[in-house]
Amino acid sequence: MYDALPRRARLRRWLSRETTGGALLLGAAALALIWANSPLADSYRALSQFTIGPAALHLDLSLSAWAADGLLALFFFVVGVELKHEFVAGSLRRPREAAVPVLAAVGGMMLPAILFTAVVLVAGDTGALRGWAIPTATDIAFALAVLAIFGRGLPPGLRTFLLTLAVVDDLLAIVIIAVFYTATIHVLALAVALAAAAVFAVVVRQRWARWWVLLPLGLVVWGFLHASGVHATIAGVLLGFAVPARPLRGESVARTDTYDDLVRPFSSGIALPVFAFFAAGVGVVGTSDPIAVVAQPVVLAIVVGLVVGKAVGVLATTALVTRLTPLRLPDGVGMRDLLPIGLLCGIGFTVSLLITGLSFTDGVHTDGARLGVLLGTLLSATGAAALLARSARRARAAADDGAPADAIDGEGPALGFDRDR
């Protein structure tokens, strides 16, 4: 028994690593792609469409819907907790220091949407316009994983910049989902969900609050929000925001850290990989016209939005802000360091795939949009990894030549980016 506890703790620690989460996401997506384009493709589709749940509560959903609406709420709870921490005690509590990455996040969302719209309009595919928000999102888990693997030795301000930018990106993506992808709202169900969230906010601050008390309340919030017509993953954000971000009653650790540590292993180890498995299974091989799927304007629009729009939007906005205002980048970070960060922001994946499912219900656009997300993410991740690896090699070379161990070209400390929570 004593041996089991350390093993469990090590497993939770391993699942909480950014590198582990990224690897599991990649593995789940690869498995889905292989299965969906194999002779067993029909079984993949049957599994995705398998329906389970109580029909009386309107929760008889397919497995793919449960992954998107249910499991992904865990991921958004972690996002909500992280947002609360950053606003109260993290990088967003000082507006002047957070202003540059916040504005970069806005620019990095506007330009991809503009480019997407321009491409589909030029191509004449007005039916694809509903997917304008697909390339605006950044997958914070995947992006930080690439940075952790390939960015060892780079200025720690880069990670802070990316984390701040990605957190704001997530917040804006949540607003987009709530505002633009909610067709109808059932007021009574929404009122009950908000009332239950208020009760959760009170209970989570109590000394006696435990996960087994909070979980039923969270399920009530999720269930009524799902019934209200608002996307159910927003429940995770509401509940995450309700968690106190400062220690209470003499506690040594803020409850945002406690519940982050509790939920993150399930989010990165189960929720995100399962969602990726059901969302990334784009069938191209074996379709009646695979070329038609690849050649859809929506594919090019998303790739251009993620790879070009994100990087250029982030870099151009940062350049304008730092040149035209008194606002500056963090110490040790220069404009030349931000190109790989801009490319990392083009890793849309999780949230982009979620918005894809909300944007399109027809199989043609859905498959094309998913393919565009996967291609755009792959190109952005590959480009960012190559640039980060080159910068890391330069940092090691500078250290070998006698440069201070805590500096890269005289611009800041060289620290790793592993984040064990």
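The following dialogue concerns a predicted model and the reasons behind some of its descriptions.

Colleague: How do you know that the length of helix α4 agrees with its number of residues?

Modeller: Helix α4 covers residues 63–88, which is 26 residues.

Colleague: Why is Leu219 called exposed?

Modeller: Exposed means over 50% relative accessible area, and Leu219 has 52%, so the term applies. Leu219 belongs to helix α9, residues 211–228. With Trp211, Trp212 and Leu215, Leu219 forms a nonpolar surface patch, whose accessible area is about 490 Å² together.

Colleague: What makes the pair of Trp132 and Phe180 edge-to-face?

Modeller: The whole structure holds nine aromatic pairs. In the pair of Trp132 and Phe180, the ring centres are 5.2 Å apart, and the planes stand at 90°. Rings pair if their centres lie within 6.5 Å, and planes over 60 degrees apart count as edge-to-face; therefore the pair is edge-to-face. Trp132 lies in the loop between α5 and α6 and Phe180 in helix α7, so the pair ties together parts 48 residues apart in sequence.

Colleague: Why is Phe180 called partly exposed?

Modeller: Its relative accessibility is 48%, which lies between the limits of 20% and 50%. Trp132, at 25%, is partly exposed as well.

Colleague: What makes the pair of Phe277 and Phe278 edge-to-face?

Modeller: Their planes are at 75° and their ring centres 5.1 Å apart, so this pair is edge-to-face.

Key: Residues are numbered from 1 along each chain as its sequence is written. This is a predicted model: local features need pLDDT of at least 70, side-chain atom pairs count only at pLDDT 80 or more; totals for chains, interfaces and linings use all residues. Side-chain values use heavy atoms; hydrogens and water are left out. Helices (H or I, at least four residues) and strands (E, at least two) are DSSP runs, numbered from the N terminus. The expected span of a helix is 1.5 Å times one less than its number of residues. Patches are made of residues with over 30% relative accessible area and no salt bridge: like charges are joined within 9 Å, nonpolar side chains (Val, Leu, Ile, Met, Phe, Trp, Tyr) within 5 Å. Accessible areas come from the Shrake-Rupley method with a 1.4 Å probe; for residues, only the protein chains shown count as cover. A salt bridge is a side-chain nitrogen of Lys or Arg within 4 Å of a carboxyl oxygen of Asp or Glu. Buried means under 20% relative accessible area, exposed over 50%, partly exposed in between (1.4 Å probe, protein chains only). Rings of Phe, Tyr and Trp (its six-membered ring) pair if their centres lie within 6.5 Å; planes under 30 degrees apart count as stacked, over 60 as edge-to-face and the rest as tilted.
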